[in-house]
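Hi there,

Here is the structure I promised to pass on. Have a look at it first, and then read my notes below.

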Amino acid sequence: MPKDSGIGASSKRREDVRFLTGAGNYTDDINVHGQAYVHFLRSDIAHGRITNIDTSAAEGMPGVVKVFTGKDFEGVGGMPCGWEVTDRHGAPMQEPPHPILAQGKVRHVGDPIAAVVADSLEQARDAAEAIEVDIEELSAVLDMKAAAQEGATLIHEDLKNNICYDWHLGEEDNNKVNEVFANAAHVTTLDLINNRLVANPMEPRVAVAEYSRGTDEYTLYTTSQNPHVIRLLMCAFVLGLPEHKVRVVAPDVGGGFGTKIFHYAEEAFCTFAAKACNRPVKWTASRSEAFMSDAQGRDHVSTIELALDADNNFTGLRTNTYANLGAYLSTFSSSVPTWLHGTLMAGNYKTPVIQVNVKAMFTNTVPVDAYRGAGRPEATYQLERVIDKAARELGVDPIALRRQNFITQFPYDTPVALTYDTGDYNGTMDKLEAAADLAGFAARRAQSEANGKLRGLGVNCYIEACGIAPSNIVGMLGARAGLYDAATVRVNATGSISVMVGAHSHGQGHETAFPQVVADMIGIDESMVEIVHGDTSKIPFGMGTYGSRSLAVCGSAMVKATEKVIDKAKKIAAHLLEASETDIELKDGQFSVAGTDKSVAWGDVTLTAYVPHNFPLEVEPGLEETAFYDPANFTFPAGAYACEVEVDPETGQVSIEKFTAADDFGNIVNPMIVDGQVHGGIGQGIGQALLENCAYDENGQLLSASFMDYAMPRADDLPFYAVDHSSQTPCTHNPLGVKGCGEAGAIGSPPAVVNAVLDALNSGGRAVDHIDMPMSPSRVWTAMHG
Amino acid sequence: MYNFEFEKPSTIADAVAALGGEDAQALGGGQTLIPTLKQRLAAPSKLVSVSGIAEMQGVCVEDDGSVAVGGATTHARVAADAARSYPALAALAGQIGDPAVRNRGTIGGSVANNDPAACYPAGVLGSGATIVTNTRQMAADDFFQGMFTTALDEGEIITSIRFPVPQAASYQKFLQPASRFALVGVYLARFAGGVRVAVTGASEDGVFRWSEAEEALNKDFRTDALMGLRINPMNMIGDLHGSKEYRAHLVSVMTKRAVESCA
């Protein structure tokens, strides 16, 4: 029987009531009395030297409060990078300055050159048009391999080349790797591109900043997944403000997908300008601005080689990747192609020797950073594509080849620095084979062929590493932040509970799922528990939401804090019941003395905590506890996905006929929300596989700069999904045994779709090794007729 | 957007008068023009909305059996009201954009704009329709003059479009995946006097008639008649969404499907 409340229940998402009835409170809904509006003048040239900026005409335009250029920010910090990667020679990555407004050069289309603050947005735009900017155009650096060549045009003149770092994992095994490949019975090689994506959350970025002269305090409302991280970075590295004078609020946020993790120049600008203008300042990105200023995702060019012995055991893996970082280092960009990508190359397989090389490149494009999955989709795509190709080359069943090489003993130390605590890859694959009715595929293929369509089946596995941790290890790897989280459980006198959490909910359903945990632990109704998040003046210092970490990390802090609350409440109950604390049991919201019928209700104990007339003298009044939680390890969700497609041989159009996901997320708090997270992730993965393509022309102009050319998946592009998460190996090191589910769909689905299309094409008697994503009708047709 | 004057007259005569000023521009449903203004890519001094003109609204069947559509009629209304009198045209209208676009966008606005990937130009040219303006009547063959270019004079308003109703017709649209405009759209209409095949989305010269296909189908209205017929890719559009060769190929496939649908 499914539970109807608490852990394991599909409680309906309480936050959806306000979202679906237009009662949400998004940053753009916030208007401060007297606010002025910002318009950024952005470069329409990808690479050039600014020879002159004349703002005098603009300054005299109606309504203009102030015009800012890069000069106004000399002496102010630039946008920081939160992860220092050490290259293969032991040197730190090259870290160029990233000013709030361009200083001397523009480096991508959309790079902000100047900003106008005016009484109205239209006045700000009018004035921006009156700013005269002279730019000496330089050749745009776009191709990563060309950018790495000696003598390539430098994007940052103060760096020695365009390579941010040349990073290696497993280099010490060089001889061993060479030997494995030399002795291999079979080697499969694949060149592939992981296409650049634009996250495109429904809500564009917005910042509203105000400054109080009276108290010297700032408030920044901003579209962020992690308000404390923004406050720390902006105060400590950019503006040099004391943190206690700055409040950062991320109210309802309309989708993040990674791109709202980062600290952006616009929000720092608004905070700076609010004081400089002595007026509240508001900026709302247009969709066009989002396309040229939100950090983008993926953009890897890779070559992967898989070595197998005569029995088809994987004996070695070697990959070389060029990772595009764009024109500047975004906040966590350097970590994505390295510690979130190279370390995942073992996948679900016991390949003994793995070597990863990543060259991270600066180009004249919008910065690239984490996007749903962040590194792990790129790793999964490489690995699962090369395995599929190997199976085809060897003429073996792709599922059998995977099963044969699965890791089956846990904990398992991979050759690429991770320790998987638990998993059951064969068990999960069993669930997939049943849920996807793989036995019935041949009949479905015959039916499709009778209708003139080619049908293909693609299967793949994935492993991801969520809840990146622990802080001491990531610190050694270059992280400039800790990766714990925090929660405060504040019990009110009448027994209701406010939980202040460091995680931020922007679609994940924390406001529903987190109370399920606390209510379950105490045995009270979920409606008595409320989550407070997104405001640095209300919540403890938490690191926010990304990397599928919220429940595993912040949820664990919440459990620890709730345990402290329960321990203290038991002391009070023991006093009221005149019993020993060790004899007190808590069940269904009642404290009772073991083996007796004496009990006292939760509400009576909480009231006593705040009206402590009859109270144990050695205990402090009140009932509020905080816990910080730093995980011992990553969590390792894993799964197996199956996709069936039909390809129209006349047009190359791909339609997804069936999509099945079998995931092992460990224990599950709210199965309905988990289904929804997987659905959303698969939707984005299918978007990457079939539709989405962020493309630049040879001059660095963004070709896909609007929804007219950037294809977002629509409802009718997507199938109904079958999602099975009954394969559950609980995480061994966090109190809930949870692993995280937010990114799985986006990680696991692209190779399933691509494998399916290639299976369809090869079934049609053609030999097509690979098609790069997105597999648009045009690309599929060209591959069929190439 | 920049500031502009706005007028919403209730008669064609008032609209023509209002459009007499310098840089005045007619506004239909605004599905292209308003985004253009918001991007500050156009700066008309005055917008003259034609959506308040009653005589430019609606679909009716004329005495000669042709279907007349008022220039300010929305796509949604054509999709609903022409469903019996000219089903293929109604089906075309029902495939334009999304419900929001179909409830605002108008036939006159679309045809006057002549976007090379819009659906209506194919329907109008494929049907051999007559474009009626405040001053004259023009055959579709004379009206479309290349990408975003028509025979309309400054200040001239499309008041209605008259469609002769063919024996059979079909619009086959292959979607550009992002915009869902036509990557290639083929409108085929079979009249007693012959077959017309109009192609949108494909050519750098905008909507065009594929005369070789028409000739072949006039001789033999079967898909076999199209075998071996190929459009020269040279003047086709090649972009992010499809090469010239791919578009040329799609013209053949969509034409074949239109024939199958009419058979």
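Two strands are taken to pair if DSSP finds at least two bridges between them. The model is a predicted one, and with that in mind, here is what turned up.

Let me start with a sheet in chain A. Its five strands form an open sheet in the order β7-β15-β14-β13-β8, and the pairing is mixed. At the edges sit β7 (163-169) and β8 (186-194) of chain A, each of which pairs on one side only. On average, neighbouring strands in this sheet are turned by 10° against each other, direction ignored.

How many bridges join β8(A) to β13 of chain A? There are nine, and the two strands run antiparallel, with β13 covering residues 300-308. Within this pair, A:Glu305 in β13(A) is the residue that stands opposite A:Thr189. A helix packs on the sheet as well: α9 (residues 376-394) of chain A touches β8, β13 and β14 (314-326) of chain A. The direction of α9 makes about 140° with that of β8(A).

Now for chain B, where I looked at the overall picture. Its secondary structure comes to ten helices and twelve strands. A compact globule of 263 residues would have a radius of gyration near 18 Å, and chain B agrees because its own value is 18 Å. Along the principal axes, the C-alpha atoms of chain B fill a box of roughly 55 × 45 × 30 Å. Of the 263 residues in chain B, 48% are buried. Among contacts in chain B between residues at least 6 apart in sequence, 61% join residues at least 24 apart.

Technical notes:
Residues are numbered from 1 along each chain as its sequence is written. Chains are lettered from A and ligands numbered from 1 in the order in which they are written. This is a predicted model: local features need pLDDT of at least 70, side-chain atom pairs count only at pLDDT 80 or more; totals for chains, interfaces and linings use all residues. Helices (H or I, at least four residues) and strands (E, at least two) are DSSP runs, numbered from the N terminus. Axes are lines fitted to C-alpha atoms, for helices over the stretch in contact, and angles run from 0 to 180 degrees between N-to-C directions. Two residues are in contact if their C-beta atoms, placed from the backbone, lie within 7 Å. The radius of gyration is taken over C-alpha atoms; the globule rule is 2.2 Å times the number of residues to the power 0.38. A residue is buried if 20 or more other C-beta atoms lie within 10 Å of its own, exposed if 12 or fewer, and partly exposed in between; C-beta atoms are placed from the backbone.
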